[in-house]
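Biologist: I have the sequence and the model open. Can we walk through a few spots together?
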Amino acid sequence: MLGRASFMVPEGEDDAFWQTVSWTQRIQRVVDEVEQSITRKKMAYSAEHNLNSKQLMIDIKSLAEVMKEFMLLGQIEAWEERIIYCQEMEDKLKRYLDLASLYNSREEILGLFVTEYALIEQLEKLFELHGMLWHTCNDFLRIWPAWMDGPFQDINGEEMVSSMEKWFRASAKCAKMMTNVETKIVAEDLKKRITEFQVNVPFIAALRAPGMRDRHWKKLSEMLGFEVCLSFTTRKFITLKMPEHTPQCEEISEIASKEYGLERSLDKMQAEWMGINFDYKDWHSTGTTILCNIDDLQTQLDDQLLKTQSMQASPSVGPFEDRVKIWLEKLTLMKKIIDEWLKCQMQWTYLEPIFTSEDIMQQMPTEGRRFLQVDRVWRNIMKKLKMNPDAMSVGNDEEIYQDLIQNNKDLDVIQSGLNDYLETKRLAFPRFYFLSNDELLEVLAETKDPLRVQPFLKKIFEGIHLIEFTPHLFIVAMLSEEGERVEFDMIVNPKASKGAVEKWFTQVEQTMKTSLRYVTTRAFKAYAVKSRVEWLLDWPGQVVICVSQMYWTAEVIESICQGNLKEYEQKCTLQLQGIVNKVRGKLTKLERKTIGALIVLDVHARDVVKSLADAQLKDETDFDWICQLRYYFEEEIVMVRMINAGLQYAFEYLGNSPRLVITPLTDRCYRTLMGALHLNLGGAPEGPAGAECNSTADSDDSES
């Protein structure tokens with residue numbers, strides 16, 4: 001086919017093709033050969049396995065005969081010989097059991113009939129009781145001489161109690177279940193010996209309590225009326241009839257055990273402090289360190305203080321009373337040092353960046369010198385800690401404790417002086433009360449760079465977002481958050497205050513008010529000579545609203561006197577329509593905000609005029625009119641009146657913020673707040689109705 005397609009087969013490729021075609025036949029031959037090999041080996045393994053299995057059956061029968069003979073033997077005195085034979089038979093039995101399991105697994109693999117070795121399982125159950133008997137004999141009779149005549153201090157009381165209980169249960173079981181006469185005699189004899197020795201176990205266990213000391217042996221001798229000591233043997237104790245004095249032994253043992261428990265707890269607590277160090281870390285770029293990761297250490301300290309206090313109140317603390325007292329004093333001192341240390345660290349880390357400022361050091365020289373002394377002591381303490389951070393050593397250094405106490409006293413004085421200093425600054429410029437201590441300190445610490453106060457202006461002046469500086473750091477204007485700029489009528493020079501921030505802030509406050517008064521006066525005059533729609537785009541939003549309200553008040557009074565409120569209502573509607581048309585045109589974002597706020601007030605003003613016209617008001621002193629919020633321009637002073645309350649316009653810059661819709665409830669808030677401010681009181685409107693009158697009330701605040 002490839003030839004017909006004129007495809008040239010590379011040389012050697014056709015040989016590879018024919019070799020590949022013959023692979024299936026060759027593979028089958030290999031498979032057949034392997035299967036034949038497996039069959040031959042399986043037959044060989046099966047034959048070998050059958051021989052091994054028959055030999056195992058013979059060995060098991062042989063072992064069964066030996067075991068039957070052994071299980072007829074008695075004579076407890078020959079226990080050493082019996083235990084040797086017993087262990088040999090147990091080893092053979094275990095080996096035969098393992099072989100039986102191995103052969104059964106091979107039979108399953110080879111596909112042979114699984115042989116049952118029932119005899120060996122019977123032997124295992126039958127020999128279990130005899131093995132228990134001779135093992136118990138061996139265990140008890142081997143250690144009994146050491147317990148009776150060996151060193152008393154070598155006896156382990158707890159081990160003796162558990163072993164005797166185990167041996168008694170084993171001997172009782174053997175004595176009950178043995179059927180052969182000889183072995184039954186052995187079991188009963190063993191049980192008798194164990195029972196006779198059990199009488200001595202309580203007093204031995206009591207005297208071998210781990211807490212028994214010379215003082216306890218002495219006290220026991222006084223109670224018994226004869227001398228007893230640790231050098232006696234059990235046989236001698238029995239001769240002295242100690243089993244009869246078991247209650248006294250147990251009483252002393254209980255006391256010793258409680259004291260031993262306290263001693264071990266104290267040793268454990270002291271050992272827990274080995275290797276525990278105070279952790280510290282570098283503190284910024286100060287060149288010194290502070291404590292860190294101290295929570296775990298404090299937890300351990302508090303826990304041990306409670307344990308030691310409980311230990312001190314224990315009736316068993318007598319022999320260790322002085323030691324416990326000393327340990328409690330060490331822990332108490334460590335806790336005091338840590339508390340003073342953390343208190344000092346908290347104040348030092350707070351004050352350190354403050355007194356690294358040259359401006360603060362110049363303004364507070366006394367506190368500055370005192371802090372330098374505290375700083376010197378702090379650095380020495382941390383240097384000492386770095387040389388030896390061991391918690392127990394540092395935590396009991398009386399010198400460090402006294403230094404920390406003195407440091408904390410000095411830091412309290414410094415903190416008090418700092419608070420007094422901040423209070424004088426706030427009294428000099430009360431708006432500093434709007435700043436926290438940290439914020440005020442940051443302002444005062446940067447007197448050489450007035451630009452650093454920009455982030456705090458929003459808290460000091462509600463409407464001022466930024467103040468504009470010239471390259472020579474003169475202040476020439478204020479900017480609102482909306483981007484509105486109001487130029488100052490006079491330049492403020494912070495450098496002229498010679499570092500007294502409160503002085504040039506006071507100048508900024510005064511300039512803010514005089515500048516707004518100046519701009520308002522100009523805007524008032526310009527209103528009369530220019531179209532209202534064009535006029536409102538030339539002035540700041542706050543000034544536009546103020547001047548518009550003054551002209552509205554004057555025009556309403558004129559309309560009341562002339563009796564043409566209906567005509568003025570139409571004029572208000574036309575003015576409002578003109579502003580609305582202006583909004584539809586192309587305006588900047590700032591101009592749109594100005595017009596939006598003015599529309600809200602113009603709508604309210606139009607509604608007021610309509611209500612007055614509907615009421616056919618004839619006199620400007622009627623309550624329906626004087627209950628409205630009215631603006632007057634009197635001798636270049638803006639007065640705000642409502643009913644019998646009158647206040648000077650404060651010229652506090654508020655920016656170009658939007659206004660909410662004015663409702664009757666808003667008017668009620670206006671009246672309440674105006675009355676309160678007139679009486680030198682205050683108010684705090686809340687909720688939707690209070691949001692708009694809140695901003696208006698700020699504008700109406702008097703210049704007290």
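Biologist: Is Lys 384 buried, partly exposed or exposed?
Modeller: Partly exposed, because its relative accessibility is 32%. Keep in mind that this is a predicted model.

Biologist: What does the Lys 384 side chain meet in a salt bridge?
Modeller: Asp 397. The N to O distance is 2.8 Å.

Biologist: How many salt bridges does the structure hold?
Modeller: There are 31. One of them joins Arg 215 to Glu 259, with the closest N and O atoms 3.1 Å apart. That pair links distant parts of the chain: Arg 215 is in helix α8 (residues 214–224) and Glu 259 in helix α10 (residues 246–272), 44 residues apart.

Biologist: How accessible are Arg 215 and Glu 259?
Modeller: Arg 215 is partly exposed, at 37% relative accessibility. Glu 259 is buried, at 9%.

Biologist: Which residue does Lys 425 form a salt bridge with?
Modeller: Glu 502, again with closest N and O atoms 3.1 Å apart. Lys 425 belongs to helix α16 and Glu 502 to helix α19, and 77 residues separate them. Both Lys 425 and Glu 502 are buried.

Biologist: Which residues are linked in a network of salt bridges?
Modeller: Arg 431, Glu 509, Lys 513 and Glu 652.

Biologist: Back to α19. What does that helix lie across?
Modeller: Strands β3, β4 and β5. Helix α19 covers residues 501–527 and runs at about 125° to β5. Those 3 strands form an open antiparallel sheet, in the order β3-β4-β5. The edges are β3 (466–469) and β5 (485–492), each pairing on one side only. On average, neighbouring strands are turned by 25° against each other, direction ignored.

Biologist: How many bridges join β3 to β4?
Modeller: 4, with β4 spanning residues 475–479. In one of the pairings, Ile 467 has Met 478 as its bridge partner.

Biologist: What is Thr 511 in contact with, sequence neighbours aside?
Modeller: Phe 488, Asp 489, Met 490 and Val 492, leaving out neighbours within four places in sequence. Thr 511 is in helix α19. It counts as buried because its relative accessibility is 2%.

Biologist: New topic. How many disulfides does a search find?
Modeller: It finds 0 in the whole structure. Take Cys 229: the nearest cysteine sulfur is that of Cys 249, 13 Å away. For Cys 561, the nearest cysteine sulfur is that of Cys 572, 16 Å away.

Biologist: Are Cys 229 and Cys 561 buried or exposed?
Modeller: Cys 229 is partly exposed, at 21% relative accessibility. Cys 561 is exposed, at 55%.

Biologist: Now α2. How many residues does that helix have?
Modeller: Helix α2 reaches 68 Å from its first C-alpha to its last, close to the expected 70 Å. Its buried residues include His 49, Leu 56, Ile 60 and Phe 70. Among the elements covering the buried residues are α3 (79–110) and α4 (118–149).

Biologist: Last one. Which residue takes a positive phi in the hairpin of β6 and β7?
Modeller: Glu 635, near 55°. That hairpin has 2 residues between its strands. In the hairpin of β7 and β8, Ile 643 takes a positive phi near 55°.

Key:
Residues numbered from 1 in each chain as written. Predicted model: local features only at pLDDT ≥ 70, side-chain atom pairs only at ≥ 80, totals over all residues. Heavy atoms only, no water. Pairing = 2+ DSSP bridges. Axes fitted to C-alpha atoms, helices over the stretch in contact; angles between N-to-C directions. Contact = heavy atoms within 4.5 Å. Expected span 1.5 Å × (residues − 1). Buried < 20%, exposed > 50% of the residue type's maximum accessible area, 1.4 Å probe, protein only. Disulfide = S-S within 2.5 Å. Salt bridge = Lys/Arg side-chain N within 4 Å of Asp/Glu carboxyl O.
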